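Welcome, and thanks for taking a look at this one. Please open the viewer alongside these notes, which go topic by topic.

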Amino acid sequence: MPLDLAIAARLKRTTDGLVPAVVQQYDTGEVLMLAWMDDEALHRTLTTGRATYWSRSRGSYWVKGDTSGHVQHVKSAALDCDGDTILLRVDQVGAACHTGDRTCFDADELVVTRA
């Protein structure tokens, strides 16, 4: 079964057919990571409840946690108003980042200066 046609029609993809997915811890709002999805990855995610992404570097699908054990159980999914970003709210088991950190956004906080 392909991705629901009504959902597919709303997606605005990059030239390589991908849509960014922002991944958030469902109960705290913590932003965990950003990954990429195509129609098939989104379909798999919506029908299995396990976050599935397209790896641009490997050129293949990956289900978060299949090799690391750090699973993302999808609680909800939403498109933004333009259809060009997906928001996944997940229950993250273990680290979200491939470095072993809880979130991919802990490493290098940037200094913000106000004018």
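Strands here are DSSP runs of E of at least two residues, numbered from the N terminus, and a residue lines a pocket when one of its atoms lies within 4 Å of a pocket grid point. With that in hand, strand 2 gives the most to the lining of the largest pocket, with 4 residues. Please keep in mind that this is a predicted model.

**The largest pocket**

- The space in the largest pocket comes to about 540 Å³.
- Its lining is made up of 23 residues, and those nearest the centre are Met 33, Arg 58, Trp 62, Lys 64 and His 98.
- By residue class, the lining holds 11 nonpolar, 8 polar and 4 charged residues.
- Which strands each supply at least two residues of this lining? They are strand 2 (31-37), strand 3 (52-55) and strand 4 (60-63).

- An open sheet is built from 4 strands in the order 2-1-6-5, with mixed pairing.
- From one strand to the next, the twist averages 25°.

**Strand 1 and its two partners**

- Is strand 1 largely enclosed or largely open? Of its 7 residues, 6 are buried, so strand 1 is largely enclosed by the rest of the structure.
- Strand 1 (residues 19-25) runs parallel to strand 6 (residues 86-92), and 5 bridges connect the pair.
- With strand 2, strand 1 pairs in the antiparallel sense through 6 bridges.
- Val 23 stands opposite Met 33 in strand 2, and Met 33 is also one of the residues nearest the centre of the largest pocket.
- Strand 1 and strand 2 make a hairpin with 5 residues between them, and Gly 29 in its turn has a positive phi of about 85°.

**Strand 5 and strand 6**

- Strand 5 and strand 6 run antiparallel and are joined by 7 bridges.
- Ala 77 is found opposite Leu 88 in strand 6.
- These two strands also form a hairpin, with 6 residues between them; Gly 83 in the turn has a positive phi of about 75°.
- Gln 72 belongs to strand 5, and at 0% relative accessibility Gln 72 counts as buried.
- Gln 72 and Arg 89 are 17 residues apart along the chain, with 9.0 Å between their C-alpha atoms.

**Strand 3 and strand 4**

- Strand 3 and strand 4 form an antiparallel pair with 4 bridges.
- The hairpin of strand 3 and strand 4 has 4 residues between the strands, and Gly 59 takes a positive phi near 65° there.
- Trp 54, in strand 3, has Tyr 61 of strand 4 as its bridge partner.
- Trp 54 counts as partly exposed, at 22% relative accessibility.
- In space, Trp 54 and Ala 35 are 7.7 Å apart from C-alpha to C-alpha, with a sequence separation of 19 residues.

**Cysteines**

- How many disulfides does a search of the whole structure find? The search returns 0.
- As background, a disulfide is a covalent bond between the sulfur atoms of two cysteines.
- The cut-off used here is 2.5 Å between sulfur atoms.
- The closest cysteine sulfur to that of Cys 104 belongs to Cys 97 and lies 3.4 Å away, which is too far for a bond.
- Cys 104 is partly exposed, with a relative accessible area of 34%, whereas Cys 81 is exposed, at 75%.

Definitions and conventions. Residues numbered from 1 in each chain as written. Predicted model: local features only at pLDDT ≥ 70, side-chain atom pairs only at ≥ 80, totals over all residues. Heavy atoms only, no water. Buried < 20%, exposed > 50% of the residue type's maximum accessible area, 1.4 Å probe, protein only. 1 Å grid on protein atoms, 1.4 Å probe; cavity = no way out; pocket = protein on both sides within 12 Å on 5 of 7 lines; lining within 4 Å. Points joined across faces, edges and corners; volume = space filled by probe spheres on them. Nonpolar A, V, L, I, M, F, W, Y, C, P; charged D, E, K, R; others polar. Pairing = 2+ DSSP bridges. Axes fitted to C-alpha atoms, helices over the stretch in contact; angles between N-to-C directions.
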